[in-house]
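Have the model open in your viewer as you read.

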Amino acid sequence: MSQNVQARESTFSVPDDIQSAVNAMADDARAASRTLATADRSRKDRALLRIAEAIDAQREVILRSNEADVARGAEKGLAENLVDRLTLNDDRIDGLIEALKSLASQVDPIGEILDGQILPNGLRVSRVRVPLGVVGAIYEARPNVTVDIAGLALKSGNAAMLRGGSAALETNRALVGVIRDALDSAGLPVDCVQSVDEYGRDGANALMLARGKVDVLIPRGGGNLIQSVVNNARVPVIETGEGNVHIYLDTTATEENAVPLVVNSKIHRPSACNSAETLLIQKDAPAAEAVLKGLLDAEVRLHVDEAAAELAGGYSEQVVAAQDGDWDSESLALEMSVRVVESMDEALDHIQRYSTGHTELIITNDLRKADEFVARIDSATVMVNASTRFTDGGELGLGAEVGISTQKLHARGPMGLAQLTSSQWVVRGEGHTRG
């Protein structure tokens with residue numbers, strides 16, 4: 001967890017009444033978390049399934065609330081990628097329901113014995129997985145996160161305090177209401193899940209300052225939001241990062257494999273953080289022209305260097321000269337930066353300079369090069385001949401995810417149930433005293 005900001009003052013202040021209100025909510029969350037910490041798996045799973053059923057039953061209410069948010073966002077000129085993330089439809093609600101059911105089917109991590117031993121003096125020592133306690137989350141225009149974090153927190157024995165942002169205000173209000181009603185019907189404290197959205201930005205700031213009340217804070221969103229939380233929070237932060245994702249196209253890659261991999265990595269959902277942003281083409285790669293044609297046919301706008309421009313058939317309205325800022329930006333749209341490199345070393349140097357540590361992909365038929373790429377890449381996820389879109393908790397078998405961590409402490413990569421836990425040492429003796 002990021003600890004770099006806890007010893008200094010934050011750059012903002014919060015009205016006393018709002019800080020007190022959020023602190024009181026955190027106290028209620030703490031009490032609820034103690035009940036969750038002792039709840040067995042069947043009780044938690046029953047609550048998850050109740051939430052899934054309630055979301056399905058209240059689908060129309062949720063969709064109407066979401067339509068109001070989307071319409072308001074369009075009026076205010078909300079960016080296209082944020083509108084996409086904000087929008088719910090039947091398929092996406094089905095996905096939320098399936099994620100909750102998947103969580104209910106997973107093994108409960110709480111109580112798992114991570115390791116243990118009997119010491120020479122007879123003490124029995126074990127390290128056991130336990131909940132973190134009260135988990136806060138600050139995110140923007142992502143109503144799916146409301147359900148994902150609530151579900152993951154519940155299954156891992158944590159209470160959740162949410163700030164979902166003004167763009168999704170109505171949707172999140174509806175979702176949190178449905179979740180709390182379902183918790184009540186399942187016999188669990190409704191304060192297992194709370195929202196501070198009614199306090200607006202001050203509510204988010206109050207969460208950041210609630211050290212000793214909130215155990216960990218997870219930001220999800222654009223770079224500005226994440227850095228604001230990292231730089232201002234006095235609560236420990238698990239830092240999720242931007243996805244300036246790279247693909248390296250090797251000379252041994254075939255058109256048959258390369259075209260669908262690159263196109264899928266870019267266009268499957270351009271607004272997602274695991275969407276590819278930069279394509280590095282090894283000089284003389286035979287699949288290069290076909291890959292660029294595939295991107296152009298998919299209406300991707302290419303920001304290219306001179307060598308890549310030649311491969312793409314020259315500059316045009318859809319093929320433009322790359323600018324310095326293109327290499328380190330996360331477009332989250334049908335835009336892609338393309339560069340031709342002389343060697344893998346040059347590709348790796350580029351990635352090292354511009355990567356945000358999220359996901360990198362090599363497309364190759366050379367096992368030695370694949371192994372070298374994996375060994376030299378310092379990112380949370382490294383793909384070999386698989387779409388970057390698989391950097392996702394659900395796709396990697398974790399069920400729903402809290403976010404994708406690009407830091408190296410506590411959690412890295414997609415964060416599922418295990419990443420919302422800590423450990424506790426349990427020492428059992430028979431009257432042992434230390435001499």
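The lining of the largest pocket is made up of ten nonpolar, twelve polar and eleven charged residues, where Ala, Val, Leu, Ile, Met, Phe, Trp, Tyr, Cys and Pro count as nonpolar, Asp, Glu, Lys and Arg as charged, and the others, Gly among them, as polar. This is a predicted model, in which local features need pLDDT of at least 70 and side-chain atom pairs count only at pLDDT 80 or more, while totals for chains, interfaces and linings use all residues. Residues are numbered from 1 along each chain as its sequence is written, and side-chain values use heavy atoms, with hydrogens and water left out.

The largest pocket holds about 850 Å³ of space. Of its 33 lining residues, Asn144, Asp148, Arg269, Arg389 and Asp392 are the closest to the centre. On a 1 Å grid over the protein atoms alone, a pocket is an open set of points with protein on both sides within 12 Å along at least five of seven lines, a cavity is a set where a 1.4 Å probe fits but cannot get out, and lining residues have an atom within 4 Å of a point. Points are joined across faces, edges and corners, and a volume is the space filled by probe spheres set on them.

Which element gives the most to the lining of the largest pocket? It is α5, with six residues. Helices here are DSSP runs of H or I with at least four residues, strands are E runs of at least two, and both are numbered from the N terminus.

Now move to the second largest pocket, with about 540 Å³ of space. Glu140, Arg163, Gly165, Ser166 and Arg201 lie closest to its centre, among 22 lining residues. Helix α8 provides the largest share of this lining, four residues. By class, the lining of the second largest pocket has eleven nonpolar, five polar and six charged residues.

What about enclosed space? The whole structure has one cavity of 30 Å³ or more, and the volume of the largest cavity is about 120 Å³. Its lining has 16 residues, with Arg142, Gly221, Thr240, Gly241 and Cys273 nearest the centre. Cys273 counts as buried because its relative accessibility is 18%, buried meaning under 20% relative accessible area with a 1.4 Å probe and protein chains only.

Finally, look at the packing. Among the 51 residues of the largest nonpolar core, Ile51, Ile55, Ile62, Leu154, Leu162 and Leu183 touch the most other members; such a core joins buried Ala, Val, Leu, Ile, Met, Phe, Trp, Tyr and Cys residues through side-chain atoms within 4.5 Å. A separate core has 32 residues, including Ala253, Ala288, Val300 and Val319.

How values were computed. Buried means under 20% relative accessible area, exposed over 50%, partly exposed in between (1.4 Å probe, protein chains only).
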